[in-house]
Amino acid sequence: MKIHVFYRHTNVIRTTMSDRPSWFSHKKCFDNLLKTIVNSPFRDKVVLHFIFDGTEDELKFDDCYRSFLDHGVYIETHIS
């Protein structure tokens, strides 16, 4: 049995930061999610679905997307 985590993400430059505290970071939140999966004894049972609301060109340069490449987490990427 697998646990499927769905993470919807967009190019943060396009989003408004007005409702977020000044210390908030999308990348730090995503890195924390990845570290939690990697350090879990159940990491082989987790599939992270990275749903990106943007273009493939935006995805290639996205910090969160590039960050997962360094963590070795199995991720299915969906571009919407």
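Student: OK, buried means under 20% relative accessible area, exposed means over 50%, and partly exposed is in between (1.4 Å probe, protein chains only). Which is His49, buried or exposed?

Tutor: His49 counts as buried because its relative accessibility is 7%. Bear in mind that this is a predicted model, where local features need pLDDT of at least 70, side-chain atom pairs count only at pLDDT 80 or more, and totals for chains, interfaces and linings use all residues. Residues are numbered from 1 along each chain as its sequence is written, and side-chain values use heavy atoms, with hydrogens and water left out.

Student: Where is the place of His49?

Tutor: His49 sits in strand S2. Helices (H or I, at least four residues) and strands (E, at least two) are DSSP runs, numbered from the N terminus.

Student: What polar contact does the side chain of His49 make?

Tutor: Its side chain pairs with that of His4 at 2.8 Å. A polar contact is a pair of N or O atoms within 3.5 Å; within protein, one must be able to donate a hydrogen and the other to accept it, and residues adjacent in sequence count only if both atoms are side-chain atoms.

Student: Switching topic: which residues are in the largest nonpolar core?

Tutor: There are twelve, including Tyr7, Phe30, Leu34, Leu48, Phe50 and Cys64. Such a core is a set of buried Ala, Val, Leu, Ile, Met, Phe, Trp, Tyr and Cys residues joined through side-chain atoms within 4.5 Å. H1, S2 (46–53) and H3 (63–69) each supply at least two of its residues, and S2 gives the largest share, four.

Student: And what does Tyr7 touch?

Tutor: Leaving aside residues up to four places away in sequence, Tyr7 touches His26, Phe30, Leu33, Leu48, His49, Phe50, Ile51 and Cys64. Contact here means heavy atoms within 4.5 Å.

Student: Now H1. Which of its residues are buried?

Tutor: His26, Phe30, Asp31, Leu34 and Ile37. Exposed Lys28 and Asn32 are on the face turned away.

Student: What caps the N-terminal end of H1?

Tutor: Ser25 does, with a side-chain oxygen 3.4 Å from the backbone nitrogen of Lys27.

Student: Last one: where is confidence lowest and where highest?

Tutor: By pLDDT, the predictor's confidence in each residue from 0 to 100, strand S3 (residues 75–79) is lowest at a mean of 60, and H1 (residues 26–38) is highest at 88. The chain mean is 79.
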